[in-house]
Amino acid sequence: MIEFDHVSRTYGPKTAVSDVSLAIPRGELFALLGPNGAGKTTSIKMLVGLLRPSRGAIRVCGHDVVREPRLAHLHVGYVPDEPTLYDKLTGREFLWFIADMFGMPRHAAGQRIDREIAAFELGEFADDLAESYSLGMKQRLVFAASLLHDPDVLVLDEPMVGLDPRSVRIVKDLLRARTQDGMAVFMSTHTLAMAEEMADRVGIMVRGQLRFLGTVAELRAQVAIDATNLEHLYLELTSGGAAGPAGDGRGAGGRGTI
Amino acid sequence: MRTGTCLPLTPDAEAGVFSRLRVAIAWHTLRGLLAESRLRVSLVAVLSVVFWAALYGLFHEGFAFLDSIHAEVISLLFNAFFSSLMVMLVFSTGILLYGSLYCGPEAKLLLTMPVRPEAIVAHKFREALWFASWGFVLLGSPMLVPYGVVRGAPWTFYLFRLPFLLSSVLIPATLAAFRCIVPVA
């Protein structure tokens, strides 16, 4: 569903993402971890079409995000780290706007809007202007908007920021349900417990390179330290000690390694 | 595919979606202002009328005076006035368009959706045009109307002032858009 094919991105002399290749199949929840400035957000921005790769290609459901951006975008739902809404639209109007942008038929759009409002418990404030929403309410609305067109691929950049525990639970349950239904999820997060709990595979980025790609169990097996949780493993990898880039043969992610 | 019911919009449909968006935002903004800031709205309206009337009176007296001395001075005055306004419009539209296209969160939101970048640029251009040009009409109309009155112009003169003002807005705004987009593209 998602393919990064030797993708690099430079900003002048600085390389933000270096020769990343990975494939995320249907129904997989993939978590991208890494310290600040590792290249996670750049990778996500390239995936959703906000940046162009300097080299390589990214495909979503077979559509190149640079050559066929509109076809690729039809298959993608995106939740940015900072929710963007129109302050002078109500939540329901915003959902209608998104439905219109994705060319959804009116009848189907109405049904899906009601479905997402119920799923994310937006009913109480769906007809209020977004300018009156808290950060958590905005984030829930953006989640609802991103799932409105039943995307094949959901891209999440730090999705749990601003959500209260109940909303986090709602999102986790929905992600589980949707991935079982075949949706692929590409998630960047700093919440290691979330990655450990939810992700089928994790990728760890350090200074633009994918240092590890595989399951948490494979990560434990790879990093030769007495560590029982992902936090220890993560700190070990990102401190530049134990593991080399996944492409040097030490990664255990199979087809996705570089 | 799960998104099989969705299709990329036609250019007309894209324009329709953006038009509905602008209408909805304008409606909520106006309703909010009338509900919560009546004093501010009233003050702006009253002061605009006073400002317009004062300019009208000033220009009326000015044209009457200049007309009695030398009519060609009026032509020079018009040229200088509208040239200045056009330069101001190039800058104001350019700043607004640049900010909303490259620095604003809305463009980032729209670029992740299955719409043509041209449609996004056109949407933001219309928005910048509106915000930058209302002052042009406010300043331009109290100059043109008294000119017609002083010279005893026919009613068609007043009728065609609106398209004249609109075209005077579009030309500098288009120049500003080129200045914003071409170097980046």
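Let's start with A:Asp19, which sits in strand 2 of chain A, the stretch covering residues 14-24. Before I go on, keep in mind that what you're looking at is a predicted model. As background, most residues other than glycine have a negative phi.

A:His6 is in strand 1 of chain A, residues 2-11. A:His6 has a positive phi of about 50° too, and it is not a glycine either. Because A:His6 has 13 C-beta neighbours inside 10 Å, it also counts as partly exposed.

**Chain A as a whole**

Okay, let's zoom out. How many helices and strands does chain A have? The tally is nine helices and 10 strands. Chain A has 258 residues, and 52% of them are buried. Now look at contacts in chain A between residues with a separation of 6 or more: 68% of those join residues 24 or more positions apart.

Next, find helix 3 and helix 4 of chain A, which are residues 91-101 and residues 106-119. Their axes come within 10 Å and cross at roughly 135°. At that angle, helix 3 and helix 4 of chain A are therefore oblique to each other. The crossing of helix 3 over helix 4 in chain A is right-handed. Which residues make the contact? From helix 3 of chain A you have A:Arg92, A:Leu95, A:Trp96 and A:Ala99. Helix 4 of chain A brings A:Ala109, A:Arg112, A:Ile113 and A:Glu116. Sort the residues of this contact between helix 3 and helix 4 of chain A by type, and you get five nonpolar, three charged and no polar ones.

**Over to chain B**

Chain B has a helix pair worth a look as well. Helix 5 of chain B runs over residues 117-151, and helix 7 of chain B over residues 161-184. How do their axes meet? They come within 9 Å and cross at roughly 135°. So helix 5 and helix 7 of chain B are oblique to each other, and the crossing is right-handed. On the helix 5 side of chain B, the residues in contact include B:Phe125, B:Leu129, B:Phe136 and B:Gly140. On the helix 7 side of chain B, they include B:Leu165, B:Val169 and B:Ile181. By type, the contact of helix 5 with helix 7 in chain B has 12 nonpolar residues, two polar and one charged.

While you're there, spot B:Pro154, in the loop between helix 5 and helix 6 of chain B. Buried or exposed? B:Pro154 counts as exposed, because it has 8 C-beta neighbours inside 10 Å. From B:Pro154 to B:Asn79 is 75 residues along the chain, and their C-alpha atoms are separated by 22 Å.

**Where the chains touch**

Now put the two chains together. How many residues does each chain give to the contact? Chain A gives 28 residues, and chain B gives 23 residues. On the chain B side, helix 1 (11-36) and helix 4 (105-111) each supply at least two residues. Helix 1 of chain B gives the most to that side, with six residues. The side of chain B that touches chain A splits into 15 nonpolar, five polar and three charged residues.

Last stop: confidence. For the complex, the predictor gives an ipTM of 0.83 and a pTM of 0.84. Chain B has a mean pLDDT of 86, with 97% of its residues at 70 or more. For chain A the mean is 86, and 88% of its residues reach 70 or more. Where in chain A is confidence highest and lowest? It is highest in helix 3 of chain A, at 96, and lowest in helix 9 (residues 230-238) of chain A, at a mean of 69. Then, over residues 241-245 of chain A, pLDDT is below 50, and it stays under 50 over residues 247-258 of chain A. Where pLDDT is low, the predicted coordinates should not be read in detail.

Technical notes. Residues numbered from 1 in each chain as written. Chains lettered and ligands numbered in written order. Predicted model: local features only at pLDDT ≥ 70, side-chain atom pairs only at ≥ 80, totals over all residues. Contact = placed C-beta atoms within 7 Å. Helix = DSSP H or I, 4+ residues; strand = E, 2+ residues; numbered from the N terminus. Nonpolar A, V, L, I, M, F, W, Y, C, P; charged D, E, K, R; others polar. Buried ≥ 20, exposed ≤ 12 C-beta atoms within 10 Å, placed from the backbone. Axes fitted to C-alpha atoms, helices over the stretch in contact; angles between N-to-C directions. Parallel < 35°, antiparallel > 145°, perpendicular 65-115°, else oblique. Left-handed = near helix turned anticlockwise from the far one by under 90°. pLDDT = per-residue confidence, 0-100.
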